[in-house]
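Please open the model in the viewer and keep the selection tool at hand.

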Amino acid sequence: MDDRARADEEAWGKMLAQLMEGEIARLDELLELAEPIQHERKIERLVDLIETDLPTGEPVLLFTEYKATQALVVDALHDRFGHGCCGFINGDERLDEVTKADGSRGPKSWSRDAAAEAFNQGTIRFLVSTEAAGEGIDLQERCATLIHVDMPWNPMRLHQRVGRLSRYGQTRPVQVFILRNPDTVEARIWDLLNAKLERIQRTLDEAMDEREDISQLVIGMSGPSAFEKIFAAGQTQPRESLDQWFDRESATIGGEDLVDKVKTMLGNVTRFDFAQVGRNLPQVDLPDLERFFSMMMESKGRRVFRRDDGLDVLTPEKWADEDYAMQDRYKGLLFDRNARLGNGEGPTRLIGVGHTLFDRALKEGESLQWALATCTRLPAPLLIASVQDQITGQDHSVTQIILGAWRDNAAQIHVLRDWEVLQLLNTLGRSDNPKSPEIDISQMRALEADLLDAMSQSLLTVADMMTRPGIRSEIMLLPDQNADT
């Protein structure tokens, strides 16, 4: 959903206008109607709500659909509460036209990590985000108030927005405000949708206690396109018959009655083999990333020290020079999502994917071009390969996974998923033997072909989410035959 939100946000700048007959005249009419408007009432109501309904100094996360609205909100908050009170996050980390501290207008750039850190540390009171604020940003330790400045057509995005605050580490009830004009068709459809979810909840209360779980289940089964079609088609429906039209359009999922579909799914849970699925779930967590991080820091001339409160490390000078948001030194880093951290410490001390320092280490690792390496404590040659969906013309991220394979003494080949590869790599040692290993190229090529063939045969299971998976060798790890252990 984050990829889709980012694509939607950038769509206006990418698409070519294909004007239909009569559309130019209609647009001229809309521009003429908009000309007398001097104030945006929704933005005024937003500022009044913050000033009158919230405690003084209360941190607030705000969501907008579009960058143009985001710029209006940033300007309004600076105007009412003082310049420098507000930061923003969007897909390209830039707003093209905002008011600056000296009163001039122009572009403003801000990385999402820097904006999130300023918000979590209390440097700014407000953070205005579009949907493109992806996973990896934790805001729950300081903020418990969210305002939807405008409404997306996909209801799942509302749950995703609230999820930025309603997660582990939140110590207060999250309060959510929605700004909307009750006279619009969109608002009426939202009312009808919420009423339907309430009816489904009441019907299924005996099967599931959590109200929000029911809502997310129904919305997730329906899919975003179903709701987008309802909102789009609803614009042409007469107001007096909108209720009946909505009931007809939202009554089924894939031709099956909505309530019956949910009941069937919940009933099938009792027959579900959770033990079988559990064997395929990744059995790794943040601590499994620590070894990679330490070795990457060591490769850059920086030793990671273990202290009582966590890990200490000096940032490589080049990294700090190239990224102003990166600290020169990090203290008390923890690969532990259950660690008890103080207010505002999460974004800087809890390290993993999404942390500025760790992401740079990942980027450096991706730039390495080695195809062959020797390791200690490796029982047999290990081939690591990447699998990528071979599709073109798509406007979203292409799916990619990692696999590993090795052959034991009984000539049986074992295929490892990405998390199993990570577990195995964490057990290996680095070879310091300056002598290059003796390699029979023909045998190596034959082994690579056999291992790739085994991985290819597993793609129907391990890459079932891909349309046309393609596999490529990345690196072969060899046992160090001259090592003592």
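Two strands are said to pair if DSSP finds at least two bridges between them. Helices (H or I, at least four residues) and strands (E, at least two) are DSSP runs, numbered from the N terminus. This is a predicted model, in which local features need pLDDT of at least 70, side-chain atom pairs count only at pLDDT 80 or more, and totals for chains, interfaces and linings use all residues. Residues are numbered from 1 along each chain as its sequence is written, and side-chain values use heavy atoms, with hydrogens and water left out.

Select residues 400-407, strand S15, together with residues 413-416, strand S16: the two pair antiparallel over four bridges. Gly404 lies opposite Leu416 of S16. Five residues separate the strands of this hairpin, where Ala411 has a positive phi near 70°.

Gln388 has Gln400 in S15 as its bridge partner.

Now select residues 86-89, strand S2. In a regular strand, side chains alternate between the two faces of the sheet. Are the residues of S2 buried or exposed? Cys86 and Phe88 on one side, and Gly87 and Ile89 on the other, are all buried (under 20% relative accessible area; exposed is over 50%, partly exposed in between; 1.4 Å probe, protein chains only). Strand S5, residues 126-129, pairs with S2 in the parallel sense through four bridges, and Phe126 of S5 is the bridge partner of Cys86.

Finally, select Leu30 in helix H2, residues 23-34. Leu30 counts as partly exposed because its relative accessibility is 41%.
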